Amino acid sequence: MNFIVIAVIVLGAIGLIAAIVLFVCSKRFAVYEDPRIAQVNELLPGANCGGCGFAGCGGMADALVKGADKGSLEGLNCPVGGADVMGRVADLLGMAIANGDPKVAVVRCGGSCELRPRIAEYGGLRTCAAMNACSAGETGCGYGCLGCGDCVKACQFGALRINPETGLAEVDEEKCTACGACVKACPRHIIELRKKGPKGRRVFVSCVNKDKGAIAMKACKAACIGCGKCVRECQFEAITLGQNVSYIDFTKCRLCKKCVAVCPTKAIHAVNFPAPKPQPESPDSNVNKGKEAQA
Amino acid sequence: MNIRTFRIGGIHPEENKLTHEVPTQVAALPKQAVFPLGQHIGAPAVPVVQKGDKVKVGTLIADAGGFVSAPIFSSVSGTVAKIDTTIDATGYRKPCIFIDVEGDEWEESIDRSDKLELVKDHPELTPEEIVIRIKSAGVVGMGGACFPTFIKLTPPPTAKAECVIINAVECEPYITADYRLMMEHADEILVGLELLMKAAKVNKGYIGIETNKPKAIELLTQKAAQTFSGSTYQVEVVPLKQRYPQGGEKQLVDAVIRRQVPAPPAIPVNVGAIVQNVGTAFAVYQAVMKRKPLFERYTTVTGKRLKKPGNYLVRMGTLMTDLIEVCGGMPEGDNKVLAGGPMMGKALMSTDVPICKGTNSVTILTDDDARRKEPQPCIRCAKCVAACPMGLEPYLLAKLSAYQQWERAEKEDIVSCIECGSCQFTCPAHRPLLDNIRQGKSTVMGIIRARSAKK
């Protein structure tokens, strides 16, 4: 019987010592985690898309709580959850939130196969990054969409596709969460997150070609030639011209579409506007064409 | 005799040296010459001329834009038409200087005589003076990489040069420009080598030539014995077994002096060797002895279907279109035009690209040669591993790059890749290995640069 007693005593002693060590360690080396982080994490969509700029929703939750402690949630936005989720997070943390306008990815290239002829054949690896690194692509435009779909691969929401007819990337507005993964994936920086606009209406320059007008025009009939007509037409100073290409500031644009009407190459697109009433002399017929090119 | 070569990997592509015995012709002057400002490794040159300025042959038109950079000289006389952009070998528009050609008037400072100047007749040429003359003449590596030559001659204090190796390997198929240069200007090349050895303060020189050029080996061996007999310089012509990429400087160092250059950032001078192309040796001779800046070069225009392939002494800034026209025009069928040879050359989007300091060849591949074969699944044969001259695992690097596993790619030494294309050449499944690896290499190098910038 003796050995049973010894075994019980030894095991009991080991158990006791281990318990004491564990207890001391758990108190002494305890890491305090703000309970709010877990709560915020619950509210976030859990897509771990990285659209906010952090490694995942956990990182974002951490940043949000830290931001709240510092007194501001500025610059932190969950593009997937949008205003709804950010509002709930702000409520939880007792903060006011600058309500960001919903955004959408916009592909700023209108150089379809028809308008931007192929001048060479590319035989290498079919990714935009590889093509962009070793050549200007298959067309004469060194700035436009390469059509190999790096953005399509980057999108976790299935919101992008390459239109086989135009050879250009297209965004499905319904699916796009404005996470910005495509913006990072595009080696030519064509895709931009722009304000979605009321009823999805927005106006943008669908070209990023920085070449001089004549050269850009030779490569692509839909190129912005940097003529500056839109800049002069705009009453709200929303349009700027730099490096032979104009850019519409979506925070200033009032969607009057006057620039669309004057653009000689129809490089300015207006989308989701109602079709203009049939007016034989209306300059707004451009709008329709722009829309078609986008659609 | 046991003929040397490098020890790891390598392949032997079909040679197709169509123009070996075609003597070099002087190409006609262009009507307008185009000078891209970035035709060397490093910062682009900065223009020092303006529209309307008159220039002569050999006039400085753009000065070095930084330490790692090189000045650019006009190859023609005439008037600066504009400073604008043109497409370069990549197809992107880059800044360049356009000069309308009028006559052919040279700068007076250039010695145009054929007299061979020897180093012993010029005691004023100290090592420092030689380096200064090389630098101010805009001499860069003529093998294609275009690294400014003067930097190679002034190694970092941690490394000590022991020998100069002249790269006369020309292992790329089709190209024969270096071979013609050796056959036609052997004396000048040897003086160039002597200048390089003097500048680098070494007395040992090697000339590595592949055995498919027996005449050049014979000629240079004989001339070297004459030139360097009784001098303190020891020069040896080393015949090398044909193997691609022997012209890569790390492979050449291994083949010639049996030393292996460690992984980047180590360079050949870390094992005591300074490698210079034969074209560079010739350019050094002209720059130092004749005060002639770098503005013309030997270029091969070749292709199986080309009517009259040939070797040309071309003024830089001449458009490839003009050269192809002289050779009988673009062949019928689908053509792929390469700046450089078929292994490492760059496919062009347009032939309206000027000949630059590094354009050793214009190669035209037609129809079947021009197209890649459809890629098939990898069959794990490891041929690419056997072929890689850097001892890497190309199949793995390609996969890691495709899956964007940058950390792992860095661990697997992706930055050691010299982009020779041996893996892709040897792949029986025609997989685009190098396309992927190149992508990964540039990304990983970017990550490394960003990391060291942070420190």
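Me: Which domains is chain A divided into?
Reply: Chain A has domain 1 (35-93) and domain 2 (103-294); such bounds come from an automatic or database domain assignment. Before we go on, this is a predicted model, where local features need pLDDT of at least 70, side-chain atom pairs count only at pLDDT 80 or more, and totals for chains, interfaces and linings use all residues. Residues are numbered from 1 along each chain as its sequence is written, while chains are lettered from A and ligands numbered from 1 in the order in which they are written.

Me: How many residues do the two domains of chain A bring into contact?
Reply: 6 residues of domain 1 of chain A are in contact with 7 residues of domain 2 of chain A. Contact is when the C-beta atoms of two residues, placed from the backbone, lie within 7 Å. By class, the domain 1 side has 4 nonpolar, 2 polar and no charged residues. Here Ala, Val, Leu, Ile, Met, Phe, Trp, Tyr, Cys and Pro are nonpolar, Asp, Glu, Lys and Arg are charged, and the others, Gly among them, are polar.

Me: And how far apart are the C-alpha centres of those domains of chain A?
Reply: The centres of domain 1 and domain 2 of chain A are 32 Å apart.

Me: Switching to chain B: how many helices and strands does it have?
Reply: Chain B has 13 helices and 17 strands. These are DSSP runs numbered from the N terminus: helices are H or I with at least four residues, strands are E with at least two.

Me: What share of chain B is buried?
Reply: Of its 455 residues, 51% count as buried, that is, with 20 or more other C-beta atoms within 10 Å of their own, C-beta atoms being placed from the backbone.

Me: Which strands make up the open sheet of 3 strands in chain B?
Reply: The order is 3-5-6 in chain B, with antiparallel pairing. Two strands pair if DSSP finds at least two bridges between them. At the edges are strand 3 (46-47) and strand 6 (72-73) of chain B, each pairing on one side only.

Me: What is the bridge partner of Ala62(B) in strand 6 of chain B?
Reply: That's Ile72(B). Strand 5 (residues 60-63) and strand 6 of chain B pair over 2 bridges.

Me: Last one: where does chain B touch chain A, and which helix gives the most?
Reply: 14 residues of chain B are in contact with 13 residues of chain A. Helix 13 (residues 433-454) of chain B gives the most to the chain B side, with 5 residues. That side divides into 4 nonpolar, 5 polar and 5 charged residues.

Key. A residue is buried if 20 or more other C-beta atoms lie within 10 Å of its own, exposed if 12 or fewer, and partly exposed in between; C-beta atoms are placed from the backbone.
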